[in-house]
Amino acid sequence: VQLQASGGGLVQAGGSLRLSCAPSGLTFSTYNVGWFRQAPGKEREFVACISFSGIRTLYADSVKGRFTISKDNAKRTVYLQMNVLKPEDTAVYYCAAGGLFTTTTNSFGYWGQGTQVTVSS
């Protein structure tokens with residue numbers, strides 16, 4: 001199983017980025033997918049999650065209203081649209097797949113390699 005995360009980069013505060021996560025080696029339509037992030041010196045934290053059906057979503061309070069998670073089953077890809085980015089959003093962003101629809105890091109069994117997002121002030 002592999003999860004390829006991409007789309008990170010350097011952006012100014014107030015800007016936007018769209019991250020993509022393309023899992024392979026698993027039945028895409030039956031897994032819940034989450035995005036997490038880890039800033040230097042901090043623990044990995046939940047950002048957003050989408051159910052296998054694509055109907056249910058969850059967001060961390062810190063990104064609610066600014067980030068949108070979505071999935072395209074035909075393209076086997078999950079997206080994280082990030083708008084109105086802030087310097088505190090700077091982190092390595094990871095996508096993960098698991099059997100539970102949850103915010104808990106340990107509930108996701110499959111992880112990608114991460115993509116760096118840097119927001120300058």
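1. Cys 95 is buried, at a relative accessible area of 0% (buried means under 20% relative accessible area, exposed over 50%, partly exposed in between, with a 1.4 Å probe and protein chains only). The model is predicted: local features need pLDDT of at least 70, side-chain atom pairs count only at pLDDT 80 or more, and totals for chains, interfaces and linings use all residues. Residues are numbered from 1 along each chain as its sequence is written, and side-chain values use heavy atoms, with hydrogens and water left out.

2. Cys 95 forms a disulfide with Cys 21, the sulfur atoms being 2.2 Å apart (a disulfide is a pair of cysteine sulfur atoms within 2.5 Å). Cys 21 lies in strand 3 (residues 17–24) and Cys 95 in strand 9 (residues 91–98), so the bond ties together parts 74 residues apart in sequence (strands, E, of at least two residues, are DSSP runs numbered from the N terminus). Cys 21 is likewise buried, at 0%.

3. Cys 49 is in no disulfide; the nearest cysteine sulfur, that of Cys 21, is 12 Å away. Cys 49 is buried at 0% relative accessibility.

4. The structure holds four aromatic pairs (rings of Phe, Tyr and Trp, the last by its six-membered ring, pair if their centres lie within 6.5 Å; planes under 30 degrees apart count as stacked, over 60 as edge-to-face and the rest as tilted). Among them, Phe 36 and Phe 46 are edge-to-face, with 5.7 Å between centres and 75° between planes. Phe 36 is buried at 0% relative accessibility, and Phe 46 is buried at 12%.

5. Phe 36 also forms a tilted pair with Trp 111, at 5.0 Å and 50°. Trp 111 is partly exposed, at 26%.

Technical notes: Helix = DSSP H or I, 4+ residues; strand = E, 2+ residues; numbered from the N terminus.
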